[in-house]
Structures are given as C-alpha cells and as structure tokens.
Amino acid sequence: MKIQAAIPGRNLLLGAAICLIVAAAFSPSLFNGFTNYDDNAYLTANPLVRSLAPANIKRIFTTTQPHTLFVPMVTLTFALEYRAWKLDPRGYHAVNLLLHIFNALLVFFLIRGISGSLAVAFFTSLFFAIHPLRVESVAWVTERKDLLFTFFFLLAIQFHARYLKKGAGRDYLLTLLLFAFAVLSKMSALVLPAALLLMDWKLEARISKKRWLEKIPFAVILLLFAVS
C-alpha cells in the first residue's frame, strides 16, 4: 500500500472535490439545534463539559455519568468546545461536519493506496460520505462518538499500513495510541485489531508470528476496556 505524504495533481483536485461535495450535502446540519435524544445527557445538561480543570478531566476519564456509555474522548471534545462557544449548537455541528469531511478524505487515501485507482478511491469515498446512513452521525451532535471513533480508526489503519511498509516503530506506537483513542470514543473500535490482522494478511500474503505478537498490546487495551 502506498501512503502519500503529499497530495499532488489529480489527488489534490479530487480531494478538494470530495470536501466541497460533502460540505454541500451536509451544510443544512449547521442550522440544526440540539435534540432531546441524548444531547442533554451528553452535552447540554452534562456538568463534565463545563470545565477543563485537571480534576474534571480526571472525572471525564473515570466515570460514565451522567450518561451510561464510557466515551471520554467525546466528552473531552465537548468540554473544549464549551469553552469556545458555550451552548451555541452551530459550533458543535460545524465540528461534526469537519470530522466527517476528514473521514471522507481518509477513506479516499486508504482506498487509493489499496486499489491504486483514483476513480475507485473517489467514488468509494463519496459513497461512504453521502450515504443516508451517515446523516444521523453528522446531523445529531451526540453522534460525535461515531465520527470521532471513525477518525481515529481510519488514522490507525493508515499508520499501520505505513508501519508494514517502512517498519518504523513510531508508526506502530501511533497505531496503538490511535486505537486507544478510538476505543475511548466508541466501543465499536474494538474490531480494529481484527482489521489490522486482515491487512497483514492482505499486504504480506500471510500473518507471521511477529504480526501476531504485535497485536498483544492491542489485546491488553481490549482487556482493560472490558474490565473498566
């Protein structure tokens, strides 16, 4: 897989086109307000988002209250935004849209590297980005957890692919860190180690003992999450 550090020529044009199309498709969400479907528990009535004091940040990462899911990375982003624009819904919707655009670009880069085809990467990215199933994730503030875990998940795959190509320990550690961030955003990220094993098999035609051993730290994170 080829992971490009820069986006020359047609890649740049197609990346810009993806940004514009996704922004246009989801721009109405910028005028949405909050809903009574969990926005109160996760944001508007959540005391954890009101402060960035060290003690409060510790609470964010050690409790599920006042909601029931353990999504501290999501709560932390809300706390950062609350400091910037309080409870103005436009800011939160704008961040959701930006995250979705980034995710669409990450899909483009990933498929470009796997397929070697700009056309396949472009249309796959658009299919992912503007599919009706994405509407809830972008237009509902609380579904930040879906966008955030996808962002870290896709980044982890990118760095893992670069690790397989270059063997740099830094890329392996970044993959592990991004996995932890993804799990702390939404538990759906727990499938990432399996996806990485499939990538090992796809790119190297086998899963060596070394690749299996490299997944042990990922298993440790899974175990810590399971018992927390």
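User: What does E143 form with K145?

Analyst: A salt bridge is a side-chain nitrogen of Lys or Arg within 4 Å of a carboxyl oxygen of Asp or Glu. E143 and K145 form such a salt bridge, their closest N and O atoms lying 3.0 Å apart. Both residues are buried (under 20% relative accessible area; exposed is over 50%, partly exposed in between, with a 1.4 Å probe and protein chains only). This is a predicted model, in which local features need pLDDT of at least 70 and side-chain atom pairs count only at pLDDT 80 or more, while totals for chains, interfaces and linings use all residues. Residues are numbered from 1 along each chain as its sequence is written, and side-chain values use heavy atoms, with hydrogens and water left out.

User: Is D171 buried or exposed?

Analyst: D171 is buried because its relative accessible area is 2%. D171 forms a salt bridge with R162, at 2.9 Å between the closest N and O atoms. R162 counts as partly exposed, since its relative accessibility is 24%.

User: Which residues form the nonpolar patch on the surface?

Analyst: Patches take residues with over 30% relative accessible area and no salt bridge, joining like charges within 9 Å and nonpolar side chains (Val, Leu, Ile, Met, Phe, Trp, Tyr) within 5 Å. Here the nonpolar patch consists of L213, I216, V220, L223, L224 and V227. V220 is partly exposed, with a relative accessible area of 42%.

Notes: Accessible areas come from the Shrake-Rupley method with a 1.4 Å probe; for residues, only the protein chains shown count as cover.
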